[in-house]
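Here's a quick briefing on the structure below. Take a look at it first, then read on.

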Amino acid sequence: MGVRLSGKDIYKNLVALRQVIFEVTEACNLSCEYCGYSTMYDGYDKREDKRMPFAYAKNIIDYLSSIWRDSDSEAEIAPVTTLGFYGGEPLLNIDLIRQIVSYIESLGLKRTIRYAMTTNATLLNHYIDYLVEKDFTLLVSLDGDKDSNAYRITKDGCPSFDRVFENLQYCKNRYPAFFENNISFNSVLQDKSSIDQIVYFFKENFGKIPRIGELNPFHVDSNHLLKYKGMFRSKMDCLSHSSHRDAIAEELFMEDSCISHVFNTLRYNSGNFFLYYRELFIDSSLIQRTTTGTCTPFMLRMFVTARGKILPCEKISHDFFYGKVDKERVNLNVDDVAIQYNQYVQTIEKQCTTCEGRNNCPQCIYELRNKNGNFCCTEMISRKDIEQNLYSCYTYLQKHPHLYQQLVENVSFM
Ligand code: SF4
Ligand code: SF4
């Protein structure tokens, strides 16, 4: 039997919480055809352009800061927590963002608070001065040039590319250092784009390499499966068809599936990878790990929806909320969170004990629930899979020997 969490473990996660993400509005001024909240997907609360009331954010901040206060005064180095703003398009509710930032500033917390936002950049020209003043980190969603960006359209079906590109040029000229240091990009690969096109576009225009993701394969609505399949493009396939495969892979580095695969194989099999300092001093086979590689609740972040649901992550179905916030209070009981999480784990545990990948499992537990409501993993790993993985990894390293050094020197964990 794997480890069972207790309320104390959840409390510790809240003390060390690295990121709190507020969905400040459900509203968006774009209507991207592959959006996780579009009709192509289910599993998310219906979007009604709801805006988060300030009281929700204030109650969450008060709840967390009362947990942080004691531990932070004892810490030798001020812990860092990032407040993230998410949507919809978060800049449509800039008033709430300003209110939250002012409130945080008024509290005089011992912990360092940073600000981050995921944005479609359509309104960036209006608010860039404020975002620069507060030293926000921005993740801009843009799929590449005009053709690659074809699915990112306005509510009237018009392309959004020109406006976004103009705004980015404006920010780059007005605040070059901020643009260089605080802005990164996220592109979704689909049938209208290719990795070559994406990499070339961002290097040429902004001197940057974006994160490149595939369409989300989870919670696709069964009525839209054909549409999804038509749009889907795999990174691995796309790259293998590229005539500049090696050069592009070098540019992408950890964004490249082969390189990240090599890295993960080395990480889990080299015997030199330690998740915690204590693993340096004890036999790591004696350390009990939680079943599946998922983060435990609030170990990485907390996501609060505009309707007040409290989730451990913005990427998972809204059904997995652990508590709620309303205008009066936060309803989040750490013991209940632990019980709920343990129940999820219990349902998959039997299957995991027979899986060879159980000690290094990268599977998010919240993605294992099928349409019937049962938890079931389709990625069970056999000894043969592990051997094949090792073989492909070492073959790749033989062909690209400098990569090992690059990985050791350049990859860090946050
Ligand atoms: S996707 Fe799953 S494993 Fe990854 S951060 Fe979110 S909850 Fe954790
Ligand atoms: S790959 Fe699937 S079966 Fe194997 S340990 Fe992970 S969740 Fe369990």
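A residue counts as near a molecule or strand if its C-beta atom, placed from the backbone, lies within 6 Å of it. This is a predicted model, where local features need pLDDT of at least 70, side-chain atom pairs count only at pLDDT 80 or more, and totals for chains, interfaces and linings use all residues. Residues are numbered from 1 along each chain as its sequence is written, while chains are lettered from A and ligands numbered from 1 in the order in which they are written.

**Around the ligand**
- The residues around ligand 1 are Thr 294, Cys 295, Leu 300, Pro 312, Cys 313, Lys 315, Ile 316, Cys 364 and Tyr 366.
- That shell splits into seven nonpolar, one polar and one charged (Ala, Val, Leu, Ile, Met, Phe, Trp, Tyr, Cys and Pro are nonpolar, Asp, Glu, Lys and Arg charged, and the others, Gly among them, polar).

- S7 covers residues 301-304; strands (E, at least two residues) are DSSP runs, numbered from the N terminus, as are helices (H or I, at least four).
- Arg 301 and Phe 303 on one side of S7, and Met 302 and Val 304 on the other, are all buried (20 or more other C-beta atoms within 10 Å of a residue's own, with C-beta atoms placed from the backbone).
- S1 (residues 19-23) pairs with S7 in the parallel sense over four bridges, and pairing takes at least two bridges found by DSSP.
- Ile 21 has Phe 303 as its bridge partner in S7.
- With S8 (residues 309-311), S7 pairs in the antiparallel sense over two bridges, and Val 304 stands opposite Ile 310.

**The whole protein**
- You'll find 14 helices and 10 strands in the protein.
- Buried residues make up 30% of its 414 residues.

Key. A residue is buried if 20 or more other C-beta atoms lie within 10 Å of its own, exposed if 12 or fewer, and partly exposed in between; C-beta atoms are placed from the backbone.
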